[in-house]
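This report describes selected salt bridges, a helix, a sheet and a loop residue. The sequence and coordinates are shown first.

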Amino acid sequence: MAAATSTATRTLKTVAVLGASYGGARAAQLLANDLPQGWRVVLVDRNSHMNHLYVLPRYAVLPGHEHKAFIPYDNVFQLPTPYDAPKSDEPPLDLSRHVMLHASVTELKPHAITLDRSFPEHGISDNTLRFEYLVYALGSHLPSPINLWGTVADDVEKDGVVDVVRGTKEGGMAWLKKFQKRVERASSVLVVGGGALGIQYATDIAEIHPTSQVTLLHSRHRLLPRFDDAMHTEILSTLSALNVCTILGDRLDLSSLSDSQSSITERIVRTQSGREIRADLVLLCTGQTPNTTLLGEAFPNIVITDGPNKGMARVRRTLQLAEPVDDLPVVPNPPAEIFAPQTAVATPVTEEPPVEPSSPELPESPIEELSEDEEEEEPEPVEEDPHTKVATEHIFAIGDAADAFGAVNAGHNAFFQGEVAARNIVKLIKRAERDASEPSLQSIEPLAPAAENVTEEPEHSPESESPTSSAAVATAVDDLELQKYAPGAPAIKVSLGLTKSVYQFQGMIGTRDKEPADLDVHLIWRYFGYNVSREDLERDQDTPVAAPAEAGALTA
């Protein structure tokens, strides 16, 4: 049976998706449901479970919720449905040909990737997966306070979390519990970085451990400077109410970290201005590096080598990999601010992006479909960057790895970009199938407006009735024109302690005072195929439910 399965999979054409977080998972979902027969999705991730990053700061401080951060990939190819949607009588789509692999990618070539292990049952016997199209969604290397692949806290106590369990739910939960204990022991904590991550850590630690001395150090004179000043004022007020010492306009002298290692119980660090801060524990909530090494090795002209977006992959508006046009300087896109999600609008969609603690949208259900009488708005025209050209038509980059026209590093934006990449791949496949069946259409420029490429037929020409008439060709070209991505206006929601949050969305600024301790994590579970409630997640979903005892059986 295994041999037969392997033979069958080798006959399938492959769309590979590297990275199964917010953007990669969304791309894989749409591809699995829209690809024609004869094609499969192979989704690859080094983690056994989806790690919901936006709850990690909370769960690294507040015990009892660790298991909720790790979502099984068993249902990753299923499209999410509203929680209260009636059960459909239609048979579910057969998604069995699509594959999720728990592996790491060690090398990327134009039409193949090398994995750290083989999967002969899926036709991958030599560690090499060959593909026709690829979505690169490997994100970025995270700051150490939420990097489950790194050491715990500031490298104090390395026992308990070992390399063999990294990339697993077991290892992730052990990391979080170890971090909780380290924070609990700290009499003083210095949080470096006043973005959403640093603000959440500082306020959570101050509220959960009120006897700890918490200091927040930020290099700029305003917190979240891309947003309205009222956001800064509200956050600063809450920090003061929680007795957090906030220092703005100064930076940590990193050399003082190594200088103070010999005095763990009474560590003193310095800022660049010379100010001394007591810090039993230092959390560096800055420094997020795009994970584009594999891209850079395969396509040297793709990755930006300097400037504020250094390390990001160049892309076109279609999210295909891009390279500079000869003799034209590349104008860098605006730098993305770490952990500051915004709403991205690419093309009209009928579903909301994932709801996360850093998202301003808080519907009861994470999916809000348009009503039948609600019209979709026409997207505004999006101009391409004249300084770049498509480098590889079959490879797309999304999420934190992509220099996506100023889009901030956020699950929202990765989600939207995953949609654009998936739809464009499907269009390219359909275009190739169209060209194979209708050779007369091959001369049509794929991305040009139809009217510029079709010779108008006489009014009563017999050819106007044929499938290749100007009207038919125009329709075909319009249907298969690739979508273009454009990020929307910045929006953000930041937790300020266990129950309070502040948000900015569509020009409005407000606060909420009754936030749940688990940060509504169940809403993200629904996006990965689990129609669960908050109460459902109080039980670890990976723990089997004990079968009821048979009638008459003795119980202890």
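Aspartate 204 and arginine 58 join their side chains in a salt bridge, with 2.6 Å from N to O. A salt bridge here is a side-chain nitrogen of Lys or Arg within 4 Å of a carboxyl oxygen of Asp or Glu. Aspartate 204 belongs to helix α5 (residues 196-208) and arginine 58 to helix α3 (residues 56-59), so the pair ties together parts that are 146 residues apart in sequence. Helices (H or I, at least four residues) and strands (E, at least two) are DSSP runs, numbered from the N terminus.

Aspartate 204 is buried at 0% relative accessibility, and arginine 58 is buried with a relative accessible area of 0%. Buried means under 20% relative accessible area, exposed over 50%, and partly exposed in between (1.4 Å probe, protein chains only).

## Basis of the model

The model is predicted: local features need pLDDT of at least 70, side-chain atom pairs count only at pLDDT 80 or more, and totals for chains, interfaces and linings use all residues. Residues are numbered from 1 along each chain as its sequence is written, and side-chain values use heavy atoms, with hydrogens and water left out.

## Helix α5

Of the 13 residues of α5, 11 are buried, and the helix is mostly covered. Among the buried residues are Leu197, Ile199, Tyr201, Asp204 and Ile205.

The 13 residues of α5 should span 18 Å at 1.5 Å a residue, and the end C-alpha atoms are 18 Å apart, which agrees. The expected span of a helix is 1.5 Å times one less than its number of residues.

## Other salt bridges

The whole structure holds 19 salt bridges. One of them links the side chains of aspartate 126 and arginine 130 at 3.6 Å, N to O. Aspartate 126 is partly exposed, with a relative accessible area of 41%, whereas arginine 130 is exposed at 53% relative accessibility.

Lysine 500 and glutamate 234 also meet through their side chains in a salt bridge (2.6 Å, N to O). Because lysine 500 lies in the loop between β24 and β25 and glutamate 234 lies in helix α6, the pair ties together parts that are 266 residues apart in sequence. Lysine 500 counts as buried at 19% relative accessibility, while glutamate 234 is partly exposed at 24%. Elsewhere, salt bridges with shared partners join Lys68, Asp518, Asp520, Arg534 and Glu538 into one network.

An open sheet is formed by three strands in the order β24-β25-β26, with antiparallel pairing. Its edge strands, β24 (492-495) and β26 (508-512), each pair on one side only. Neighbouring strands of the sheet are turned by 15 degrees against each other on average, direction ignored. Two strands pair if DSSP finds at least two bridges between them; β24 and β25 (residues 501-505) are joined by four bridges. Serine 495 has serine 501 in β25 as its bridge partner.

Helix α6 (residues 229-241) lies across β24, β25 and β26 and runs at about 180 degrees to β25. Axes are lines fitted to C-alpha atoms, for helices over the stretch in contact, and angles run from 0 to 180 degrees between N-to-C directions. Contact means heavy atoms within 4.5 Å.

## Threonine 318

Threonine 318 sits in the loop between β18 (313-314) and β19 (320-324) and is buried, with a relative accessible area of 1%. Not counting residues up to four places away in sequence, threonine 318 touches Glu384, Phe396, Val420, Asn424, Leu482, Gln483 and Lys484.
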